[in-house]
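Let's go through this model in a few questions and answers. Have the sequence and coordinates open as you read.

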Amino acid sequence: MELAGEKTEKATPKRKQDERKKGNIFQSHEVVTVFSLIVVFYSFKFLAPYLMGALEKCVVDSISAASAVEELTPAQVRVDFWNAALIFAMTALPLLLISSLVGIVFSGIQTRFLVTPKLLAPKFNRLSPLQGFKKMFSMRGVVELLKSILKILVLGIVIYNVLSEELPLFPRMMDMSIQQVMATTGNIIIKIVQNAAIIFIFLAVADYAYQWWEYEKNLRMSKQDIKDEYKETEGDPQIKGKIKERQQQMARQRMMQNVPSADVVIRNPTHFAVAVKYEAGKNSAPVVIAKGADFLARKIVEIAEENKITIVENKPLARGLYAAVDLEQEIPEEFFKPVAEVLAYVYNLKEKERRGKLV
């Protein structure tokens, strides 16, 4: 049995959009970390010859320069500092830039490159020790702890297996040159990374799925929440009903104001009433300026009688016009003949009255 206020419904698109504006989105940091490490290690492998050459040149140049220096002066210190900065730019900076770029790209793919100033606002509740303990022992904290333990175990097993396979190679490294030792060590590290990366990718995919599930779970809404949101976006049904009723009243008032200008009112005899007007040169066909059923029909007839508008009783024509023609619309071709006969009768009647007054 569902309890009142229980959040069992999926979040609506509006709720997700509102949360996104607040910066509340889901992303897996494991995805960013794993792919950043993979790209950086393979970049290191690709750039290794260049990096080794740059380091070797810098070491040789530094030793040569140091042997030629008789006195260490402030000027010489500045020169050494800029040389060290140049070494850093030539070796470490490319890998740092690659790592930063990969992190930005994979974070941006997950968040659709969301940038919101609300995330920069200080949140002082994070300084609360109580909040810290709650996070530590929350479901998310437990999951993060289990992920860390699992990653350490996986990495430990991979390192142990790789080193066990390469163990016979270690004594032989004593007879190798420095370049050969570094190349061999680099190959062992790359082998560890390759074996660990396969498992870590699966862990990253699992973490992404978990983050998505937790995000959807936290955004769930109760049925009352959905109703309240609907009221905010679409308006309260009761208020909308009152507005619609008011609009209908205003439309009826305008319609009743048009009745005195009608040429004829066709009725059936009390159930339907349709007021028709024709202005030569302005309309290509007669126009329905008012219509109604039951109470409205009686009201139209009453206003017509007060304003001495001719009333013609024609049951099928009144019913047909009421059903087929909207307000302020010209009558369709199928009603041309019967309406023309009615208007001709009305015009003849008015002409006779005019002549009678002249006599």
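This is a predicted model: local features need pLDDT of at least 70, side-chain atom pairs count only at pLDDT 80 or more; totals for chains, interfaces and linings use all residues.

Numbering starts from 1 along each chain as its sequence is written, and side-chain values use heavy atoms, with hydrogens and water left out.

Q: Is threonine 184 buried or exposed?
A: Threonine 184 sits in helix α6, residues 178-218. Helices here are DSSP runs (H or I, at least four residues; strands are E, at least two), numbered from the N terminus. Relative accessible area under 20% is buried, over 50% is exposed and in between is partly exposed (1.4 Å probe, protein chains only). Threonine 184 has 13% relative accessibility, so it counts as buried.

Q: Which backbone oxygen does the side chain of threonine 184 reach?
A: A polar contact is a pair of N or O atoms within 3.5 Å; within protein, one must be able to donate a hydrogen and the other to accept it, and residues adjacent in sequence count only if both atoms are side-chain atoms. At 2.8 Å, the side chain of threonine 184 reaches the backbone oxygen of glutamine 180.

Q: Which residues is tyrosine 208 in contact with, leaving aside neighbours within four places in sequence?
A: Tyrosine 208 also lies in α6, and its C-alpha atom is 5.0 Å from that of serine 28, 180 residues apart along the chain. Contact means heavy atoms within 4.5 Å. With sequence neighbours within four places left out, the contacts of tyrosine 208 are Phe26, Ser28, Val31 and Gln110.

Q: What is phi of lysine 308, near how many degrees?
A: Most residues other than glycine have a negative phi. Lysine 308 is in the loop between α9 (295-306) and β4 (310-313), and it is exposed because its relative accessible area is 78%. Its phi is positive, near 55 degrees.

Q: Where is glutamate 328, a residue in a loop?
A: Glutamate 328 has a positive phi too, near 60 degrees. With 47% relative accessibility, it counts as partly exposed. Its place is in the loop between α10 (315-324) and β5 (329-330).

Q: Which element gives the most to the lining of the second largest pocket?
A: On a 1 Å grid over the protein atoms alone, a pocket is an open set of points where a 1.4 Å probe fits, with protein on both sides within 12 Å along at least five of seven lines, and lining residues have an atom within 4 Å of a point. Of the 16 lining residues, Phe44, Ala48, Met52, Met182 and Gly186 are the closest to the centre of the second largest pocket. Two or more residues come from each of α2 (29-68) and α6. The most, eight residues, come from α6.
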